[in-house]
Amino acid sequence: MIRLENLTKLYGSFVAVDDISLHVPRGVLYGCLGPNGAGKTTTLRMIAGILRPTQGRVLLGGDDVHVNPLSAKMRLGFIPDRPFVYDKLTGVEFLRFVAGLYGQEGDSVERRIAELLEVFELTSWQNELVEAYSHGMRQKLIISSALIHRPECIVVDEPMVGLDPKAARLLKDIFRQFVDKGGTVLMSTHTLEVAEAMCDQIAIIQHGKVVAAGTVADVRREHQAGTSSLEELFLKLTGGAHVKALVEVLGA
Amino acid sequence: MKQPSLWHVLQPKWRTALQRMREERDRGGRGKLIVLTVVGALFWFAVFGVLYVILKYLRGVEELGALIPNKILGLVLLSFISILVLSNVITALSSFFLAKDLDLLVSAPVDWLRLYLAKLGETLLHSSWMVALMAVPILAAYGVIYRGGVLFIPYAILVVVPLLLLPAVVGTAVTLVLVNVFPARRTRDLLSIIAIMLFRIIRPEQLARPEGFRNLLDFVTVLRTPTSPFLPSEWATKAIMGYLRHDIDPLSLVLLWTTAAAFVTLGALLHRALFPQGFTKAQEGAERFIRGGFWRWTIGGLLKHLPVAKREFVLKDVRLFFRDTTQWSQLILLAVLVVVYVFNIQALPLHRGEAVGFYYVTLVSFLNLALAGFVLAAIAARFVFPAVSLEGRQMWLLRSSPLDLRALLWSKYWVGTIPLLILALLLTGITNVMLEVTPFMMITSMVAMFALTLAISAMALAFGAAYPQFETENAAQIPTSFGGLVFMMATIALLAAVTLSLWQAVYTYVRAVYDGAPLVIDAWMIGWFAVAAALCAAATVIPLRMALRKIETFEF
C-alpha cells in the first residue's frame, strides 16, 4: 500500500533521510521508531506530499505522491505531530472544510461529521472556535479530519501526544479496527510500549537510515536480542544506553 | 532579583529579524536590497521634488506664502499622528494581547514596567517605521528651502521622536481600555467610531476649498489660527518652523518631550492597573461560540455551482477574515484612505468659478486613474498580499489533501479580486463623475481600472507567495515586510507604464477635442491601447503562473 523507494532528503549538506526503502502492505499497522532528529517526521511528511524528496519516490496504492498527487492523496489521511488548525473556524466548520478538500459534501458528510464528533466526544464543542480547544482536543479534531473521507491508509506522526488515556485507548482501538478491515496505518512514535502493543511491524530509523525492520520478533532475532524488551533493543540499536546519572543531571 | 534588560526581553524579536536578514542575504537578497534602495531613493526624491517646487513657489507669494507652508506641515503632521494612533491601536492588540511570546513573558518573573516598555517599543517600531521614512523627504524639503543647515537633521529627529511616541502610548492605552471594557464583539464598532472621529478632527476640506470663505481675510485668519493648540502636531510644527525661521520656540519642544514623558508614565501606570485583567479577557475571548451559518447561507449559496473544494476554500477565507481582529481591523485604515481620497478629489476647484480647460480636466482624470491605482495597490498590499502567508501553519493540511493547488490559487485570487474590483470601479466612477469627465474618458478609465485591478491583485498574490511570512502572528505586519515594499514598487512601475501608454493613446483624442477637430481613431491610438492591454494581461498571467510554481515548491 505504501512503498518508499530510495527516499532521500537533503537540507543543504545535511542528510535528513538517507536512501530509505520500505514497504508497508495493506492491512498492517506499521511503526516507525527512532530517537529525536532521526528523520521520522521528514519521512512521514514526504509520504504526505508536504515535502519533496531530493531523491527517490513514494507510492501510495501504486500512485507516486509527487507525480500523481491528487489520486495518491485521495487514499491518504495524514495526522501531523503539531495540531495547527485554523483557530478562527469552529470544529464543525473545519471538518466541513476538510471534507470539501476531498470533494465531499452533502448529507453524508454532515452525518459523518456528527459521527466523528460523537466518537471523539467533541459534540458539545462543535460550534466553538478551535482557538478555545485544548491541545488534546485539537489533536482529536485533526484525527477526525483525517478520517472524514474514509482513507485507505493513515500516516500519523506521534499519535498519542496530548491525548488523555481514554482518547489514547480509543485511538488504539480505531487504528486496530481500521487495519483489521484492510486499512493501512504508518505511525511514528517514541512510546515503545505503544509500538510493542500495537504495531504488526516496525522500522527503527537512525541518522536517516533504517537500521532494523520487520516484526518485533524478527528484529530481536536478527540482532540476537533474545527476550529483551523493545526498549532495550531500541537503546542497543540507537546507542542511547549511556545515560548520565539522574542525580548528576538534576544537580541534586 | 535582577531584572533582565529591555534589550534582553526583546531578544527573540531582534534575533529573529537578524536571522531573516541573514537568510535573505544567503538567498541572494543583496541584489534585491540594491533594487529596493534605488527605487526607495527615487520615491524619496519624487516626494522631495514635489514639495520643494511647491514651497519654493510659495516663498515668492506675499502674505499667504509665509502662512501656507506652516499649515501644510501642520496638516501633514496631524495626518501622521491620526494614522499612527489608529495603526498603534491595531498593532498593540496583537503585540500586547495576541503575540505568541506573551505566554512566556507573562509567566516569567519579568516586571510589569519592563514588559510595558518592551511591548510599547515593539508596537511603536511596527506601526511607525513607514511614517518615519515618509517624514524624511518632507522635512528635508523644508530644511533645504529654509536653509536649515546640517544641525536641522538632529533637531528634526528631536522633534519627530516624541511625535511618534505619543500616538504609540495613546494607541496602546486605547487598546488596553478597549480590551478591558468591551467584549471583542463590540471592539469592532468602537474602532470604527474612533476612526470617524479622528477624521473629523483633521477637517481637510476646510482648507482645500478657499472659495468657501467669504473673502481672503477670512482665509488668512483661518491660516493664522492653529488647527488645535493642544495637539502635539501643532507643537511640532511650531518647533520646526520656528527653528527654520531662526525664531526658536523652546516651549514647543519642551511641551513635546514633557508630554511624551508624562504619557509614557501614565501609560505604564494604566498598564499596571489594567493589563493582567485585559490579558486574561483576551485569552477568554468573547466571540468563540458560533452557531449561525451566515456565510454558508449567503456566500455559500451564491457559489453553490462551484466545485465543493473551491467553495469551501472561499468560505473558509471569508470566515477567517471577519473573525481575525488583526485582519478586519485594517478595514478601518482602508475606509480612512478611501474617504480622504474622495474628499480630495471633491475639493479640487476644477468646476467652481471660471471654466477650466478641457485639457486640464482630462489631465486630472488621468492622474486620478494613476492615484486610484495606487490606492488599490495599497489595499491589495493589505488584503491580497498576505493571503498565501496566512495559510502558513495549515499548509500541511492543504498539501497532504488532494486539493489542486490551482484551486487554492483561484480561490485566493478571486476572494481578493472581486471586492477590489467593486471598490475600484466605484472609486473611479464616483471620482470621474465629480470631475465631470467626458464619456470617452469615463469608459477609458473604467476599462483601464478593470484591467489594472486584475493585474494588481495577481501581482499582490504572486509577490505574497514569493516573499511568504509563514511565522508571522499578525496579518497587519505582513504588508510592511520586504516583499510588501517590493510589491508596491513593482505596482507603481506597472501603473506608470500603463498610464503613460494610455496617455499616448488618449492624447490624439484630447488634441482633437482641443482643436475642435473630429475624433479619428487611428492606428497610433489603437496601438497604444493594445500596449496598455498587453501590459495588464502580462501583469496578470505571468505573476499567477509564478505564484503557482512557487506554491508548488513550498516545503514545511
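What follows is a chat about sheets, helix packing, domains and the chain contact.

Q: What kind of model is it, and which pLDDT limits apply?
A: It's a predicted model, where local features need pLDDT of at least 70, side-chain atom pairs count only at pLDDT 80 or more, and totals for chains, interfaces and linings use all residues. Residues are numbered from 1 along each chain as its sequence is written, while chains are lettered from A and ligands numbered from 1 in the order in which they are written.

Q: OK, how is chain A divided?
A: Into domain 1 (1–75 + 152–215) and domain 2 (83–150); the bounds come from an automatic or database domain assignment.

Q: How far apart are their C-alpha centres?
A: The centres of domain 1 and domain 2 of chain A lie 23 Å apart. Each side gives 7 residues to the contact, where contact means C-beta atoms, placed from the backbone, within 7 Å.

Q: What's the make-up of the domain 1 side?
A: That side has 5 nonpolar, 1 polar and 1 charged. Ala, Val, Leu, Ile, Met, Phe, Trp, Tyr, Cys and Pro count as nonpolar, Asp, Glu, Lys and Arg as charged, and the others, Gly among them, as polar.

Q: Sheets next. What's the strand order in the one with 6 strands?
A: It's an open sheet in chain A, β6-β7-β8-β3-β9-β10, with mixed pairing. The edges are β6 (76–79) and β10 (209–214) of chain A, each pairing on one side only, and the twist averages 15° from one strand to the next. Helices (H or I, at least four residues) and strands (E, at least two) are DSSP runs numbered from the N terminus, and two strands pair if DSSP finds at least two bridges between them.

Q: How many bridges join β9 to β10 there?
A: 5 bridges join β9 (residues 201–206) to β10 in chain A, and the two run antiparallel. As one example, A:Ala203 has A:Ala213 as its bridge partner in β10(A).

Q: Which strands does α9 touch?
A: Helix α9 (residues 230–238) of chain A packs on the sheet against β3 (29–33), β9 and β10 of chain A, at about 35° to β9(A). Such angles run from 0 to 180 degrees between N-to-C directions, with axes fitted to C-alpha atoms, for helices over the stretch in contact.

Q: And the sheet of 4 strands, what's its order?
A: That one is open and antiparallel, β2-β1-β4-β5 of chain A. Helix α1 (residues 40–47) lies across β1, β2 and β4 (55–60) of chain A, at about 120° to β1(A).

Q: At what angle do α3 and α4 of chain A pack?
A: Helix α3 (residues 91–101) and helix α4 (residues 107–119) of chain A pack at about 130°, axes 10 Å apart. They are therefore oblique to each other: under 35 degrees is roughly parallel, over 145 roughly antiparallel, 65 to 115 roughly perpendicular and the rest oblique.

Q: Which residues make that contact?
A: Among them are A:Leu95 and A:Ala99 of α3(A) and A:Ile113 and A:Leu116 of α4(A). By class, the contact has 7 nonpolar, 1 polar and 1 charged.

Q: Last topic: how many residues does each chain give to the contact?
A: Chain B gives 26 residues and chain A gives 32. On the chain B side, the largest share, 8 residues, comes from α15(B). By class, that side has 10 nonpolar, 4 polar and 12 charged residues.

Conventions. Contact = placed C-beta atoms within 7 Å.
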